[in-house]
Amino acid sequence: MPVIDMNMITSQDGVTSIKQNEVVIPNLTIKDLLSTIPAHCFKRSALRSSLYVAWDCIVIGGIYKAAMFLNTFINPESLSLPHPILYPVAHLSLWSLYGFCAGLFGTGLWVIAHECGHQAFSESKFINNNVGWVLHSALGVPYYSWRISHAKHHASTGHMTLDEVHVPQTRGQLGLPPLDPTKEDILGSTISDDVVEELWNAVGDSPISTALTSAAYLLLGWPGYLICNTHGQQGYPAGTNHFNPGSVIFAPHQRGAVILSNVGILLWMAGLAGSIYTFGFLTVFRLYIYPYLWVNHWVVLVTFMQHTDPLLPHYRAPDFTFPRGALATLDRSLLGDCGKIMGWLGAHATHGISETHVLHHVCSKIPHYHAWEASDALRKRLAQSGVILRGAPIGWREGYRVFKECRFVEDEGSIVFYKNGYGLAAGRPKF
């Protein structure tokens, strides 16, 4: 999928215009999509899935042991450094690397718990939910509560009023001036320069402001979504969260599941408090909290990049279908912008959640170890219909670009694309 080239934007005679990319709006059925996937890809194995959990834990344990071993050499007796200040710098660098690596594989555990919620871990619902509850609770996630809202997200991906997360803000929600058809095209191909200036003054951010806003989102976006519906469905009332059994997210019969999720979070918080009391805050921060923050960072960055791009459509009721929503996502390579080795590491550590995400939305019960083969088959079928859903690699640079280019969508229209701070849209629908 192409990225925006600023050379595509021109200004002449008081009007700014952009050469838009035509984005194919698919008319495929879910039966058509599923029929292309080999039958064995739908098989789930509790043993095979459990081995991946064990592997992630072994790798994280190995990373910890390696960090502890190397830490013993960072002292004047074992290592000669030109200045004393370099010893604490070396300690900080070592444990920062530990946190990054442990957090990356910790995200892999998060992904497997997420598969449990989709019943992709095994054929047994009992095993799925118990393993998912333990793993997600250990990572500060209310398992059943989020599983419920996440199922709604899968049912209505890309729907402006029914999707649960990464829902675009509209012109009206941002308090921007109403659309004036005499000065701007509703599809975002042309706009008068005076309206450009007005919109930029309202939503255009400086590079520093965009960087700081996106950094805060990556660090706080996940707990913010769970606690106060940050970047969630805009139609929900104030105070909506994943911990209140009476929240609009849940049906009355799901109250017990929400309470059980809260029990898991309380046990997690008690474990944290007990560990801090026993070992001290700095030790717990270094060994658990810092990697945990990396897990939250990857969860937000990956899901944001999977569902947000100037060339991804969002739908309203008249034109929304489940297949269109499932195909309003992107496959991207996690850490692929850092080279092939880092791209392999990102995919391996997180079980291909970024690289096979379109397939995951077409059928979320396919386990990650079959998702690669299933994705290859699905891509061949989509290519026959002119649908290409592979975006640029996931990294901070691409995240910054997407964050900057995706500012708002229009209040009207059954198929809408993000507009940037100039009021221009990079994509337009093609049927």
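Reader: Which residues touch the most other members of the largest nonpolar core?

Author: This is a predicted model in which local features need pLDDT of at least 70 and side-chain atom pairs count only at pLDDT 80 or more, while totals for chains, interfaces and linings use all residues. Residues are numbered from 1 along each chain as its sequence is written, and side-chain values use heavy atoms, with hydrogens and water left out. A nonpolar core is a set of buried Ala, Val, Leu, Ile, Met, Phe, Trp, Tyr and Cys residues joined through side-chain atoms within 4.5 Å, where buried means under 20% relative accessible area with a 1.4 Å probe, protein chains only. Among the 54 residues of the largest such core, those that touch the most other members are Trp110, Trp146, Trp222, Trp298 and Leu334.

Reader: Which helix gives the most to this core?

Author: Helices are DSSP runs (H or I, at least four residues), numbered from the N terminus. Elements giving two or more residues to the core include helix 2 (46-71), helix 5 (143-155) and helix 9 (281-307). The most, 14 residues, come from helix 3.

Reader: Which histidines does Trp146 touch?

Author: Contact means heavy atoms within 4.5 Å. Leaving out residues up to four places away in sequence, Trp146 touches Trp110 and Trp222, among others.

Reader: Is Ser354 buried or exposed?

Author: Ser354 lies in the loop between helix 11 (340-349) and helix 12 (357-362). Its contacts beyond four places in sequence include Val302, Asp331, Leu334 and Ile394. Because its relative accessibility is 0%, Ser354 counts as buried.

Reader: What percentage of residues 94-113 is helix?

Author: An unreviewed UniProt entry places the feature "transmembrane region" at residues 52-74, 94-113 and 257-282; such annotations may be inferred rather than shown by experiment. In the model, the end C-alpha atoms of residues 94-113 lie 29 Å apart. The span has 0% strand, and its helix content is 100%.

Reader: Which elements give two or more residues to the lining of the largest pocket?

Author: A pocket is an open set of points on a 1 Å grid over the protein atoms alone, where a 1.4 Å probe fits, with protein on both sides within 12 Å along at least five of seven lines; lining residues have an atom within 4 Å of a point. Of the 18 lining residues, the closest to the centre are Gln169, His231, Phe403, Cys406 and Arg407. The elements in question are helix 7 and helix 14 (396-405).

Notes: Buried means under 20% relative accessible area, exposed over 50%, partly exposed in between (1.4 Å probe, protein chains only).
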